[in-house]
Amino acid sequence: MPKEIERKFLLDLARWQAVEKPAGEHFRQGYLVTDPQKTIRVRLTDTCGYLTIKGISTGATRLEYEYEIPTAEAKELLDNFAIAELSKIRYKITYQHKVWEVDEFLGANKGLFVAEIELQSEDEQFDLPTWVTKEVTGEEKYYNSNLTTHPYQNW
């Protein structure tokens with residue numbers, strides 16, 4: 001079964017702003033199901049669409065199935081079936097041979113930045129960039145699906 005092992009961190013925004021980074025990619029993502037046991041998400045970028053099914057998290061691990069779908073179908077699913085939605089800009093930064101994905105949230109989540117790293121195992125060792133601060137893995141308020149219904153600006 002495909003598994004995602006992912007850890008999440010907050011950022012030191014002053015240090016993050018000083019980082020030389022590539023252009024970010026805009027994501028529009030909506031949820032067809034936002035149940036604590038599972039989520040079904042549709043994501044639309046400028047070039048691709050994705051349908052993703054995720055199971056419940058146990059530590060930093062959960063089942064994840066992701067399929068590329070045509071962009072027109074992703075847009076239709078978002079427009080007609082999403083019960084909650086958010087948008088963000090994602091930056092991919094390589095640090096010490098690991099890819100970090102940094103999300104800059106938009107709209108009602110503007111001001112929130114979260115860095116994620118995917119690992120091969122939960123006990124895999126890695127170095128933190130200087131712009132990474134507090135770990136928030138497992139803190140439900142930082143789950144993207146929760147940010148759609150409990151946005152950062154309301155905290």
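Colleague: In this predicted model, a residue counts as buried when its relative accessible area is under 20%. What share of the 155 residues of the protein counts as buried?

Modeller: The cut-off to apply is a relative accessible area under 20%. Of the 155 residues of the protein, the share that counts as buried is 41%.

Colleague: Why does the radius of gyration agree with that of a compact globule?

Modeller: The C-alpha trace spans about 40 × 30 × 30 Å along its principal axes. A compact globule with 155 residues would have a radius of gyration near 15 Å, and the protein agrees because its own value is 15 Å.

Colleague: Which pattern does the protein follow along the sequence?

Modeller: The secondary structure comes to 3 helices and 9 strands. Read along the sequence, these follow the pattern β-α-β-β-β-β-α-β-β-β-β-α.

Colleague: Which element supplies the largest share of the lining of the largest pocket?

Modeller: The largest pocket has a volume of about 830 Å³ and is lined by 42 residues. Elements that each supply at least two lining residues include β1 (3-11), β3 (38-44) and α3 (144-149). The largest share, 6 residues, comes from β2.

Colleague: How many residues of that lining are charged?

Modeller: Nearest the centre of the largest pocket lie Glu4, Glu6, Arg41, Lys54 and Arg62. Glu, Lys and Arg count as charged. The lining as a whole divides into 7 nonpolar and 16 polar residues, while the number of charged residues is 19.

Terms used
Residues numbered from 1 in each chain as written. Predicted model: local features only at pLDDT ≥ 70, side-chain atom pairs only at ≥ 80, totals over all residues. Heavy atoms only, no water. 1 Å grid on protein atoms, 1.4 Å probe; cavity = no way out; pocket = protein on both sides within 12 Å on 5 of 7 lines; lining within 4 Å. Points joined across faces, edges and corners; volume = space filled by probe spheres on them. Helix = DSSP H or I, 4+ residues; strand = E, 2+ residues; numbered from the N terminus. Rg over C-alpha atoms; globule rule 2.2 N^0.38 Å. Buried < 20%, exposed > 50% of the residue type's maximum accessible area, 1.4 Å probe, protein only.
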